Amino acid sequence: MCGIIGYIGKSSPIDVLIEGLKNLEYRGYDSAGIAVKNKEEVQKVKSVGKIANLEEKINNTKLIDSNLGIAHTRWATHGSPTEINAHPHTVGNVTIVHNGIIENAEELRKKLEKENIKFNSETDTEVIAVLINKYYKDNELEAIKKALKELKGSYALGILFSGSDKLYTTRKDSPLIVGIGKNENFIASDIAAIINYTNKYILLEEGEIGEITKDKVVIYKDNKIIKKDILETDISADAKDKCGYDHYMLKEIMEEPIVLEKTFKPYLKDLSLLPNLTQYEEIHIVACGSAMYAGLIGSSLLEEFANIRVYVEVASEYRYKNIVYNKKTLVILISQSGETADTIAAMRMAKDAGIDTLAIVNVKTSTIARESDKQVFIEAGPEIAVATTKAYILQAGILSLLAYKTAKDKNLIKEDIIKEVKKLPRLLKEVLDRREEYLEIAKSIYKKDNIFFIGRKIDYSICMEGSLKLKEVSYIHSEAYQAGELKHGTISLINDGYPVFAIITDDKVKDKTISNVEEVISRGADVIIISNEKIANYKKQVIVPKINSFMQPLLVVPTLQLIAYEVAKLRNCDIDKPKNLAKSVTVE
Ligand code: G6P
């Protein structure tokens with residue numbers, strides 16, 4: 001979702017801005033633009049579609065000499081993805097880029113129109129530029145502060161003033177960092193966007209305003225200059241490399257064994273490093289997208305083995321519900337980015353109600369990591385492909401370990417799985433190495449319009465992620481269904497050659513799912529079984545290594561991720577950046 005990059009330094013900002021925009025592409029966007037500035041003027045170039053279009057336009061434009069600029073990738077919310085609506089927006093002496101949503105934009109626009117102010121675009125962003133410009137006499141900070149007072153909603157801003165050679169920035173409920181270089185400084189939606197220039201950054205907190213020159217960063221809060229820590233990221237520049245893979249999605253799937261080993265390492269030495277959940281009577285797992293589906297794996301295991309009632313909810317629903325909390329409730333937030341707007345809102349709602357929050361999160365400096373009561377970090381490193389793969393595996397993995405630990409803490413199981421879990425990265429690698437097999441399956445389904453995934457209990461949770469992954473990257477419509485529920489309507493869709501994936505790993509319901517497989521086969525379905533043992537004589541089967549119930553999903557989902565990848569590749573889809581999707585959904 002929208003990306004921001006800004007540069008002030010010793011040389012032209014163009015290369016940094018373009019590279020930064022490319023590094024932010026993964027967030028999802030449909031138009032892009034830059035503004036560069038010198039003492040005399042501000043010059044903008046914008047275009048609809050890919051960064052390559054913008055780059056071409058820039059190459060064909062005579063640009064002014066400059067050492068200051070801001071740039072933006074826009075994922076349309078207010079107004080369609082047109083050049084006029086693309087950022088940066090200039091109003092009078094003010095040029096801005098914005099990430100977030102101004103909730104009272106319509107109200108402000110009407111009020112400003114009564115003051116005879118004319119708007120060029122349909123965006124909420126232009127309202128911010130109008131306000132800052134309205135309050136700008138000769139004091140940049142004052143103008144920003146006055147404008148911010150009128151805004152409701154979320155924003156990360158990069159701001160240029162024609163009368164100033166500084167870069168200004170501020171944020172609320174939308175991520176933004178200030179990158180610290182040598183004789184050059186940056187602003188960016190995330191540090192990874194500028195990692196080729198610096199690994200040092202300042203985390204801007206809400207209510208703070210940054211005033212940036214090439215060799216100084218001054219942060220203001222409530223009219224005072226405040227001292228901020230300079231942080232260092234451990235993300236390396238080559239983490240952003242495809243390392244020879246055709247796509248980030250494939251690279252990230254292949255990284256799963258390594259990141260799993262890294263994430264599990266401390267806990268396999270000492271399980272007590274994971275939080276103790278025994279005091280809770282109820283758990284709410286709240287997240288969005290695949291993170292929520294990882295939550296479903298956790299809920300199956302926690303309920304089955306640790307005897308805790310677990311409710312899994314989509315954050316955008318949860319945040320608006322009347323949740324009746326039991327004081328012994330724990331809310332677990334799952335988020336790769338830690339910046340998903342709805343998950344943040346759900347976390348704050350639980351905290352306001354005095355409920356304990358635990359975050360399973362990848363980005364350690366993110367809002368969710370900073371505001372939750374307790375955190376368990378996954379060590380996925382940067383995940384660039386929009387559709388998550390390795391982060392999902394780690395989220396599900398941590399929940400599986402937590403379920404195991406809780407069952408142990410409550411003396412509900414005797415089994416010791418740690419020795420076996422240590423073998424998991426190797427087994428996972430074996431599963432990933434069977435790409436030929438998955439390609440064959442992909443070839444047999446890639447021309448289909450509809451696909452079903454069926455399973456029961458935890459296998460159904462696996463189906464949910466398998467189906468989501470396939471439709472996200474290949475645009476084939478697919479649906480996950482509880483195998484036992486098919487008869488109540490959906491089976492009417494099955495006809496000759498209709499692909500149905502059947503996930504069959506849970507011993508308790510294996511036979512039941514096999515009966516459902518028979519039902520769809522007799523109606524013509526082309527069934528592909530994914531199991532941890534050979535099932536009868538079905539033609540198409542992928543058999544993954546059998547492991548304990550806690551870890552079994554981690555050997556099944558990767559096969560579905562790779563099948564989704566191969567299908568998308570055969571269909572020539574834009575695998576790493578599927579249309580209309582954003583990696584980090586920082587607006588409601
Ligand atoms: C987007 C991404 C998904 C991700 C979801 C939640 O929809 O495309 O891959 O699962 O957001 O993101 P989070 O950063 O909160 O895990």
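**Strands, helices and cysteines**

Guide: Strand 16 (residues 282-287) and strand 17 (residues 309-314) pair in the parallel sense over six bridges; strands pair if DSSP finds at least two bridges between them. Helices (H or I, at least four residues) and strands (E, at least two) are DSSP runs, numbered from the N terminus. This is a predicted model, in which local features need pLDDT of at least 70 and side-chain atom pairs pLDDT 80 or more, while totals for chains, interfaces and linings use all residues. Residues are numbered from 1 along each chain as its sequence is written, and side-chain values use heavy atoms, without hydrogens and water.

Visitor: Is Cys-2 buried or exposed?

Guide: Buried means under 20% relative accessible area, exposed over 50%, and partly exposed in between (1.4 Å probe, protein chains only). Cys-288, at 25%, counts as partly exposed. Cys-2 has 8% relative accessibility, so it counts as buried.

Visitor: How many of the twelve residues of helix 10 are buried?

Guide: Helix 10 covers residues 341-352. Its buried residues, among them Ile-344 and Met-347, pack against strand 16, helix 9 (315-318), strand 18 (329-335), strand 19 (356-361) and helix 11 (367-371), with contact meaning heavy atoms within 4.5 Å. Helix 10 is largely enclosed by the rest of the structure, because the number of its residues that are buried is nine.

Visitor: Which strands stand at the edges of the open sheet of seven strands?

Guide: The order in this antiparallel sheet is 5-6-7-8-12-13-14.

Visitor: At about what angle does helix 4 run to strand 6?

Guide: Strand 6 (residues 94-99) is joined to strand 7 (residues 155-161) by six bridges. Helix 4 (residues 125-135) lies across strands 5, 6 and 7. Axes are lines fitted to C-alpha atoms, for helices over the stretch in contact, and angles run from 0 to 180 degrees between N-to-C directions. The angle between helix 4 and strand 6 is about 140°.

Note on methods:
The expected span of a helix is 1.5 Å times one less than its number of residues.
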